[in-house]
Amino acid sequence: MDLEKTRSRSFLDNDYSTLFPLAAASGLRSSEQLALRVNNIDLSANTVRVEESSDQRDQGKIGPCKNASAYRTVLLCDPEGQKAMYSLRRILEGVSDPRSLIFHSKSAGPLLATNILNQGFYAALDALGLEKAGLHAFRRGCNRRWELAGVNPVVIRQQMGHASAAMTALYTGELPLEDVRTEFRLKFGPTIHALEMLGTGQQHESQLQNKSFATFYS
């Protein structure tokens, strides 16, 4: 393998190792993430500022965001967000142009989502034994993670850049049964087991009482 191919592969690996965690941690639309520039990241404040969007129907052309609510500052301070910011810090070291795209092609142009899917994402899903999905799955997963963590719905709506609470609600979808089970266990503890023990104890106490009464009256 020649040096140029080695550099190309290294670039893609480093790019995707930051792109995917950031997508999962921030809930950004893929069109927003692919339009991020260096000066949109504030490492000291742990924030990402969404100011532009990549039009994937027009070769990734950078332009305005989807709607007024999409222009926002996203705070990344939970464990997933901290990991994403750490990864961003590594790839931004030594970058001198604040207007350069963070995720870009070898020619410094915008990346296309279809290329990301075919070159990296599908292969990663296959290796993990997961069903094929699009980049939007990261956004939905982030929304659900914040909901299950108990983040205020108003905060989630702002972080996601949704125009309404109804749109945020649509992102919840049907929760897997294991998530439901975990939530009940965290909120109420092993109540069913405790009740079974209580019932067994009461039954045993009743048996002792009956035995005592039988002895008394015999």
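**Notebook: a cavity and a helix pair**

I looked up the lining of the largest cavity and found Leu19, Ala23, Leu28, Ser30, Gln33, Leu34, Ile116, Leu135, Phe138 and Arg139. A cavity is a set of points, on a 1 Å grid over the protein atoms alone, where a 1.4 Å probe fits but cannot get out, and lining residues have an atom within 4 Å of a point.

This is a predicted model, where local features need pLDDT of at least 70, side-chain atom pairs count only at pLDDT 80 or more, and totals for chains, interfaces and linings use all residues. Residues are numbered from 1 along each chain as its sequence is written, and side-chain values use heavy atoms, without hydrogens and water.

I searched the whole structure and got 1 cavity of 30 Å³ or more. The largest cavity holds about 70 Å³ of space (the volume filled by probe spheres set on the points, which are joined across faces, edges and corners).

Which helices each supply at least two residues of this lining? I noted helix 1 (3-26), helix 2 (30-33) and helix 5 (136-148). Helices here are DSSP runs (H or I, at least four residues), numbered from the N terminus.

Next I turned to helix 5 and helix 6 (residues 153-160), which pack at about 160 degrees with axes 10 Å apart. Axes are lines fitted to C-alpha atoms over the stretch in contact, and angles run from 0 to 180 degrees between N-to-C directions. Helix 5 is therefore roughly antiparallel to helix 6 (the term is for angles over 145 degrees). Arg139, Asn143, Trp146 and Glu147 of helix 5 meet Ile156, Gln159 and Met160 of helix 6 in the contact (heavy atoms within 4.5 Å).

Methods
On a 1 Å grid over the protein atoms alone, a cavity is a set of points where a 1.4 Å probe fits but cannot get out, and a pocket is an open set with protein on both sides within 12 Å along at least five of seven lines; lining residues have an atom within 4 Å of a point. Angles under 35 degrees count as roughly parallel, over 145 as roughly antiparallel, 65 to 115 as roughly perpendicular and the rest as oblique.
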